[in-house]
Amino acid sequence: MPRTVTVTVGVDATRESMVAAEWGADEAATRGRPLRLVHVWSPDADAVTPVTDRGGERHAAERLLHAVAGHVHRHRPEVHVETDQLHGSPVQGLCDVSEDAELLVLGSRRLGSLTGLVGGSLSQAVLARVRRPVVLVRAHGPATGDVVLGIDPDRPSDEVAAFAFASADRYGCGLRVVAGDPSSEHLVARWTRQYPGVAVTRTGGQGRVARELAEASQGARLVVLGHRRRRVPWGARVGPLVHTVMHDAAAPVAVVPHR
């Protein structure tokens, strides 16, 4: 039988990961979904002491997941929580679990350094490969501002706009559209008709989208961007707008894949 669709959080022992678990629990509650906490562990060839005791690593993973699940239960007792530990490639493990998820949530630090499970270049590898939306959550207090939608003039997408409008509608907040191309007005107008209760404001000038998104992220509830899924000769990668915003944004960033 297929797994129940979940909000899935990749967790480790960092503060950012705990904040991501809280954010994921809040999101699971608003979506009416169970929360799945996943820890991926594997021997690290670059580690000073490579992992050789798999039994000890499994017990450590169990303790970690138990602690995070307990924290989430205290934060959101109404949310059903599942836990899983995986052994192997963190990138492949996170991509695999995302297939059963409505969205994948990961903890992150400013300046683009994602923690633990997806540190460094692994973060971009995960974002470039998954087929579900990924949310990168910063370790700071919850924001109560608007959802911010960044529209890449070269890659406008109904899927990305739909995600942003639906999020603002669920949260009961406004939507701020940052776009560098007037042609995006037609895209925004279509979704404004679908979500008439969402108050929309617009800003943006040609060539300034990334900078304005970073500024708009201060106090924002969520920043939403699109990522066009494609293969290039040197492998999957994220575009320059996503790369810049995930480095600079202060708010959680949702990256929505599209064709």
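Of the 259 residues of the protein chain, 50% count as buried, where buried means under 20% relative accessible area, exposed over 50% and partly exposed in between, with a 1.4 Å probe and protein chains only. The model is a predicted one, in which local features need pLDDT of at least 70 and side-chain atom pairs count only at pLDDT 80 or more, while totals for chains, interfaces and linings use all residues. Residues are numbered from 1 along each chain as its sequence is written, and side-chain values use heavy atoms, with hydrogens and water left out.

The protein chain contains eight helices and 10 strands, these being DSSP runs numbered from the N terminus, with helices of type H or I and at least four residues, and strands of type E and at least two. If contact is taken as heavy atoms within 4.5 Å, residues 24 or more positions apart account for 82% of the contacts in the protein chain with a separation of 6 or more.

Two strands are said to pair if DSSP finds at least two bridges between them; strand β6 (residues 147–151) and β7 run parallel and are joined by five bridges, with Leu-149 standing opposite Val-177 in β7. Between these two strands the chain passes through helix α5 (residues 158–171), and this β-α-β crossover from β6 to β7 is right-handed, a term that applies if, with the strands pointing away from the viewer, the path from the first strand over the helix to the second runs clockwise. Strand β7 also runs parallel to strand β8 (residues 200–203), to which four bridges join it, and Leu-175 has Val-200 in β8 as its bridge partner. Here the chain crosses from β7 to β8 through helix α6 (residues 184–194), and this β-α-β crossover is right-handed.

Six of its six residues are buried, so β10 is largely enclosed by the rest of the structure. Val-253, Val-255 and Pro-257 point one way from the strand, whereas Ala-254, Val-256 and His-258 point the other way, and all are buried. The partners of β10 run in opposite senses: strand β5 (residues 134–138) is antiparallel to β10 and joined to it by three bridges, with Val-134 opposite Val-255, whereas β9 pairs with β10 in the parallel sense over six bridges, with Val-224 opposite Ala-254.

Helix α7 (residues 209–216) has Val-209, Glu-212, Leu-213, Ala-214 and Ala-216 among its residues, and these are buried. An α-helix has 3.6 residues a turn, so residues three or four places apart point the same way. The cover over the buried residues of α7 includes β6, β7, β8, β9 and α8 (240–248).

At least two lining residues come from each of β6, α5 and β9 (222–228), and the largest share, three residues, is supplied by β6.

Two residues elsewhere in the chain show links across sequence. His-71, in helix α2 (residues 54–75), is partly exposed, with a relative accessible area of 22%. His-71 touches Met-18 and Glu-22, not counting residues up to four places away in sequence, and His-71 and Ala-21, which are 50 residues apart in sequence, are 8.7 Å apart in space, C-alpha to C-alpha. Glu-78 lies in the loop between α2 and β3 (81–87) and counts as exposed at 52% relative accessibility; the C-alpha atoms of Glu-78 and Ala-29 are 7.5 Å apart, although the two are 49 residues apart in sequence.
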